Amino acid sequence: MINETTNRNGFETSEPWEASGRLPATPPRDELEALHAKIDALTETVGRIDRRREELEELVEDLMPAVNGAMVLLRDRLDLLDRSGAWANGRGALAAAETALTALDPHDLEALAESTPELLRTLRVSTAPEITGLADRLAESLAEARHGPAPSLWQLGRSARSPRVRRGMGVALTLLRALGEGSRGASVPPPPRRRVARGPGNTTGASCQTPVGVATPSPVAGSISAADGSNWELDADGFLADSTTWSRDFGEAVAVQEGLALTDVHWTVLDFVRQDGAGAGSAPGVRRIVAETGIAQKELYRLFPGGPARLAARIAGLKKPKSCV
Amino acid sequence: MSTTDWTATDAGTALAAGPQAPPRRKIAIICSKGTLDMAYPGLVLANAARMMGIDAVVFFTFWGMDIIREKTVDKLHAGIVGNPAMHMPNALTPIPGMEAFATKMMKKKIADIDIPPIREMLETLDDAGAELYACKMAMEMMDIAEDELIPQVHEVITAMDFYDKSEGAQIVFI
């Protein structure tokens, strides 16, 4: 036996109408509330659009006398330009614009309403005396150009020497640039170009290039001081100017500047560099340091992250190595 | 707003980093030739950069692939034909054996001034922390499999990857 609150299999159902197979006369309360909220929101949107429309109508009324005059002027110019064949290509664009207008959805209309004041402003600007004068001259030149023969390439090139032509070209270029800017969409800012500037020690993967926090020091002209106040002159590349003034304190001072803490292993390398440099007249290259001290090249680069050849020579008070390897 | 505004902002950010952190110098070298005389300049430049603490990226492409192939790395030849700097009559350069002779001479001269052979040069570069990359397109074009390359090659990359790897670098094409 089936009653109102059990289904065919005798299970209880939460909704009595499921058993009877009929929909309820009214949907649940929360759905209704959601619907009401939607309607409220829509009403508000419509109201907003309407208010804006009223504002626009007022604006248009104010502008009407000016616009009427402008339209008469523009119509005359356009007619002249039309007769000279300048708008042959424009007709296709007009057809396209018509299609776009018929396909507009309400969202587009709202956007259009927003840009209308801007359009009106443009119209006002374009009917200023200077602009209409320019249009006059343009129309005249177009009419002239129709009768003369087409200029040869050579003539075109020569006419570029005229300042007036060049100024005109400049204007055309500016216009084209503005068109390009506009077509890219005002809301899309240009992507930031990659810059040379990088954070210190931005290394990749497992490479043993300079670790984070140690920047390659730029050549330091001038002098360098130790904590105890002693001072050494440097050459333009940041190397000790007078190698006879070298002391371990100088080495320590340079190391501090380069962000290095000198250990015994460092001093093994530095002692060799000094000794070899004294004999050969210039600091040894990395290949020679590796061969003579037996310290692996990888280790050497770990010890002197700012470049073993340059850094060891600098701390050792010698000049840049002459060797390329 | 002019389009150049972001440049100024960007530079401002760079300046804000302060004089304590100068931008790290970086060099990216493209090795596109597979002759002995064209292989050395790129490798020596990259190595010298590392020796003085400049980051180095070396990108091998086209004929430069020979420099990083196991099969060819020890057999690079001097390119002598059509090279007036060889200081020998150009008509003599195509004579069989002439190139082998010139290569032998060049290798000897290089060894004399204690410059390592190409393979050792590449190992040196790897140890020094230079990044070696092979060109994906050249690999496909020349039917080179990845396991045919010397182990020092970090990665096979595309031209666009190269720009990522060489961001902020000065680029040298050889």
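Modeller: A residue counts as buried if 20 or more other C-beta atoms lie within 10 Å of its own. Please keep in mind that this is a predicted model.

Colleague: Which residues of helix α10 in chain A are buried?

Modeller: Val286(A), Arg287(A), Ile289(A) and Val290(A) are buried in α10(A), the helix that spans residues 286–293.

Colleague: Why do they line one face of the helix?

Modeller: Viewed down the axis of α10(A), the buried residues fall within an arc of 165 degrees, so they line one face. As background, an α-helix has 3.6 residues a turn, so residues three or four places apart point the same way.

Colleague: You mentioned α9(A) and α12(A). At what angle do they pack?

Modeller: The angle is about 75 degrees, and the axes of α9(A) and α12(A) are 9 Å apart. The two helices are therefore roughly perpendicular to each other, a class that covers angles of 65 to 115 degrees.

Colleague: Which residues meet there, in α9(A) and α12(A)?

Modeller: From α9(A) come Val269(A), Leu270(A) and Val273(A), which meet Ala312(A), Ala313(A) and Ile315(A) of α12(A). The residues of this contact divide into six nonpolar, no polar and no charged.

Colleague: Let us turn to chain B. How do α2(B) and α4(B) pack?

Modeller: Helix α2(B), residues 36–51, and helix α4(B), residues 118–127, pack at about 25 degrees with their axes 10 Å apart. That makes α2(B) roughly parallel to α4(B), and their crossing is left-handed.

Colleague: Which residues make that contact between α2(B) and α4(B)?

Modeller: On the α2(B) side they are Ala39(B), Leu43(B), Ala46(B) and Asn47(B), and these meet Ile118(B), Met121(B), Leu122(B), Thr124(B) and Leu125(B) of α4(B). By type, the residues of the contact are seven nonpolar, two polar and no charged.

Colleague: Back to chain A as a whole. How many helices and strands does it have?

Modeller: Chain A has 12 helices and two strands. From the N terminus on, the order is α-α-α-α-α-α-α-β-β-α-α-α-α-α.

Colleague: What share of chain A is buried?

Modeller: Buried residues make up 14% of its 325 residues. As for contacts in chain A between residues at least 6 apart in sequence, 52% join residues at least 24 apart.

Note on methods: Residues are numbered from 1 along each chain as its sequence is written. Chains are lettered from A and ligands numbered from 1 in the order in which they are written. This is a predicted model: local features need pLDDT of at least 70, side-chain atom pairs count only at pLDDT 80 or more; totals for chains, interfaces and linings use all residues. Axes are lines fitted to C-alpha atoms, for helices over the stretch in contact, and angles run from 0 to 180 degrees between N-to-C directions. Helices (H or I, at least four residues) and strands (E, at least two) are DSSP runs, numbered from the N terminus. Angles under 35 degrees count as roughly parallel, over 145 as roughly antiparallel, 65 to 115 as roughly perpendicular and the rest as oblique. A crossing is left-handed if the near helix is turned anticlockwise from the far one by less than a right angle, and right-handed if clockwise. Two residues are in contact if their C-beta atoms, placed from the backbone, lie within 7 Å. Ala, Val, Leu, Ile, Met, Phe, Trp, Tyr, Cys and Pro count as nonpolar, Asp, Glu, Lys and Arg as charged, and the others, Gly among them, as polar. A residue is buried if 20 or more other C-beta atoms lie within 10 Å of its own, exposed if 12 or fewer, and partly exposed in between; C-beta atoms are placed from the backbone. The arc is that of the directions from the helix axis to the C-beta atoms.
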